[in-house]
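Here is a briefing on one protein chain. Look at the sequence and the model first, then read the points below.

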Amino acid sequence: MNKDIQNIINRHAGKSRDKLIPILQDIQQHFGFLPRSAVAEIGRQMNISTTKIHGVITFYNQFVYHPRGKYHIRLCRGTSCHMNHSKVLLETLYNKLGIREGETDRNNFFSLEIVPCMGACGQGPVMAVNNEYYTAVDQKTLDEIISLYQNINQSNDK
């Protein structure tokens, strides 16, 4: 792993602090998340404290410390989606998937993230699975969406 991290850091000319975000992005792209050992190695290589790197990682919601599922679900909980009962959808996701916000199921199929706004307030509640967006999601639609991805997984396992 350290060799991969070293290669990613070396691809960025110089080790200045302005390279930190692109390096973090590349490492996350490579591993699917940011391993804690990678953060320590970046700090060592770039002479930046891991506390400062952690501050950057937690500031930007694009970075994650744990692998996401094959199907990463994002549910909007902004004001409009909340008013359109996204909380009911969230409870359904908790029950159907057996995971909470920020978790990935044990098969690494589904992970769940709650986001403050997805920018489609007039079409809420809004949900995304990877880069596929669903608007005006209700209980029936949610069940269909989850079943769709579960069936894809089952057909891929055969």
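Two residues are in contact when heavy atoms lie within 4.5 Å. Among contacts in the chain with a separation of 6 or more, 60% join residues 24 or more positions apart. This is a predicted model, in which local features need pLDDT of at least 70 and side-chain atom pairs count only at pLDDT 80 or more, while totals for chains, interfaces and linings use all residues. Residues are numbered from 1 along each chain as its sequence is written, and side-chain values use heavy atoms, with hydrogens and water left out.

**Overall layout**

- The chain has 7 helices and 4 strands; helices (H or I, at least four residues) and strands (E, at least two) are DSSP runs, numbered from the N terminus.
- Along the sequence, these elements follow the pattern α-α-α-α-β-α-α-β-β-β-α.
- Taken along the principal axes, the C-alpha atoms fill a box of roughly 50 × 40 × 20 Å.
- Of the 158 residues in the chain, 41% are buried; buried means under 20% relative accessible area, exposed means over 50%, and partly exposed is in between (1.4 Å probe, protein chains only).
- The chain exposes about 9200 Å², and carbon and sulfur atoms supply 48% of that area; accessible areas come from the Shrake-Rupley method with a 1.4 Å probe, and for residues only the protein chains shown count as cover.

**Nonpolar cores**

- A nonpolar core is a set of buried Ala, Val, Leu, Ile, Met, Phe, Trp, Tyr and Cys residues joined through side-chain atoms within 4.5 Å.
- The largest such core has 20 residues, and Ile-73, Leu-93, Met-127 and Val-129 touch the most other members.
- Two or more residues of this core come from each of β1, α6, β2, β3 and α7.
- Helix α6 gives the largest share of this core, 5 residues.
- Leaving aside neighbours within four places in sequence, the contacts of Ile-73 include Leu-93, Leu-97, Phe-110, Met-127, Val-129 and Ile-146.
- A second, separate core has 17 residues, among them Ile-8, Ile-53, Ile-57 and Phe-63.

**Aromatic rings**

- Rings of Phe, Tyr and Trp (its six-membered ring) pair if their centres lie within 6.5 Å; planes under 30 degrees apart count as stacked, over 60 as edge-to-face and the rest as tilted.
- The count by this rule is 4 aromatic pairs.
- One of them, Tyr-60 with Phe-63, is edge-to-face, with 6.4 Å centre to centre and 90° between the planes.
- Tyr-60 counts as partly exposed because its relative accessibility is 32%, whereas Phe-63 counts as buried because its value is 6%.
- Another pair, Tyr-71 with Tyr-149, is tilted, with 5.0 Å centre to centre and 55° between the planes.
- Tyr-71 is in strand β1 (residues 71–76) and Tyr-149 is in helix α7 (residues 139–157), so this pair ties together parts that are 78 residues apart in sequence.
- Both Tyr-71 and Tyr-149 are buried.
- Phe-59, Tyr-60 and Phe-63 form a cluster linked by ring pairs.

**Charges over rings**

- A charge sits over a ring if NZ of Lys or CZ of Arg is within 6 Å of the ring centre and within 35 degrees of the ring normal.
- Arg-36 lies over the face of Tyr-65, 3.6 Å from the ring centre.
- Arg-100 has its charged end over the ring of Tyr-94, 3.7 Å from the centre.

- Beyond its neighbours within four places in sequence, Ser-86 is in contact with Leu-75, Cys-76, Arg-77, Cys-81 and Pro-125.
- Pro-125 is in the loop between β2 (110–115) and β3 (127–129), and a cis peptide bond with omega of about -5° joins Gly-124 to Pro-125.

**Positive phi in loops**

- Asn-47, which is not a glycine, has a positive phi near 55°.
- Asn-47 lies in the loop between α3 (36–46) and α4 (50–59) and is exposed, with a relative accessible area of 67%.
- Asn-108 is not a glycine either, and its phi is positive at about 60°.
- The loop between α6 and β2 holds Asn-108, which counts as partly exposed at 45% relative accessibility.
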